[in-house]
Amino acid sequence: MILLEIYWSFVKVGFTSFGGLSMIPLISSEMISHGWMTAEEVSDIVAIAEMTPGPLGLNCATFAGMRAAGILGAFVANMGALSPTYTLCVAAAVFFEHFKENRRLGQIMTGVRPACVGLVAGVVIDLMLSNYVDGGAVSIPSLVLGLVDLVLLLKFHVSIPKVLMLSAVAGVIMFGVMGL
């Protein structure tokens with residue numbers, strides 16, 4: 001019975017919040033009202049969830065579910081938090097499959113694609129400015145490191161995690177030890 005309650009609690013969290021900190025009040029309310037956690041424990045869970053990698057809502061669901069009903073509780077809480085997203089994705093897939101030959105939907109998608117490309121380009125430009133421009137001047141060491149990463153990825157097909165690790169080490173050496 002507790003697993004069903006955990007699932008339903010996190011379904012409500014998933015349907016009524018938009019990620020991040022907006023989930024915290026409802027998670028807190030659900031945990032305290034069911035007697036699964038105290039306010040202090042919820043506060044601790046949120047602090048731990050903020051420090052660990054991954055989405056805050058799923059981290060909170062994992063820790064709260066684990067606290068309430070062990071590993072199975074953590075799994076059920078995550079499935080509850082993800083159910084709204086899964087439901088909407090399935091509904092969208094059914095909609096697109098049903099109307100994939102529709103001329104109007106084709107026109108809509110023709111308009112949406114360039115907008116998506118523009119949004120991605122905007123993010124890329126913003127990230128480039130924040131990573132390669134320092135105080136109005138181009139950071140040559142950062143630019144060289146970025147180009148080396150690009151060559152490693154595209155020409156030598158080095159995996160992304162390895163490139164990230166190599167870049168982190170190079171960044172510590174270049175910017176920490178050498179003071180570039």
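Axes here are lines fitted to C-alpha atoms, for helices over the stretch in contact, and angles run from 0 to 180 degrees between N-to-C directions. The model is predicted, so that local features need pLDDT of at least 70 and side-chain atom pairs count only at pLDDT 80 or more, while totals for chains, interfaces and linings use all residues. Residues are numbered from 1 along each chain as its sequence is written, and side-chain values use heavy atoms, with hydrogens and water left out.

Begin by selecting helix α2 (residues 24–33) and helix α3 (residues 39–51), whose axes come within 10 Å and cross at roughly 140°; helices are DSSP runs (H or I, at least four residues), numbered from the N terminus. The two are therefore oblique to each other, given that angles under 35 degrees count as roughly parallel, over 145 as roughly antiparallel, 65 to 115 as roughly perpendicular and the rest as oblique. α2 passes α3 in a right-handed crossing (the near helix is turned clockwise from the far one by less than a right angle). Show the side chains next: Ile24, Ser28, Met31 and Ile32 of α2 make the contact with Ala39, Val42 and Val46 of α3, where contact means heavy atoms within 4.5 Å. By class, this contact has six nonpolar, one polar and no charged residues; Ala, Val, Leu, Ile, Met, Phe, Trp, Tyr, Cys and Pro count as nonpolar, Asp, Glu, Lys and Arg as charged, and the others, Gly among them, as polar.

On the α3 side select Glu41, Ile45, Val46, Ile48, Ala49 and Glu50, which meet Leu56, Asn59, Cys60, Phe63, Ala64 and Arg67 in α4. The contact of α3 with α4 has eight nonpolar, one polar and three charged residues.

Finally, select helix α1 (residues 2–16), which packs against α4 at an angle of about 45°, with their axes 7 Å apart. α1 passes α4 in a right-handed crossing, and the residues of their contact divide into 17 nonpolar, four polar and no charged.
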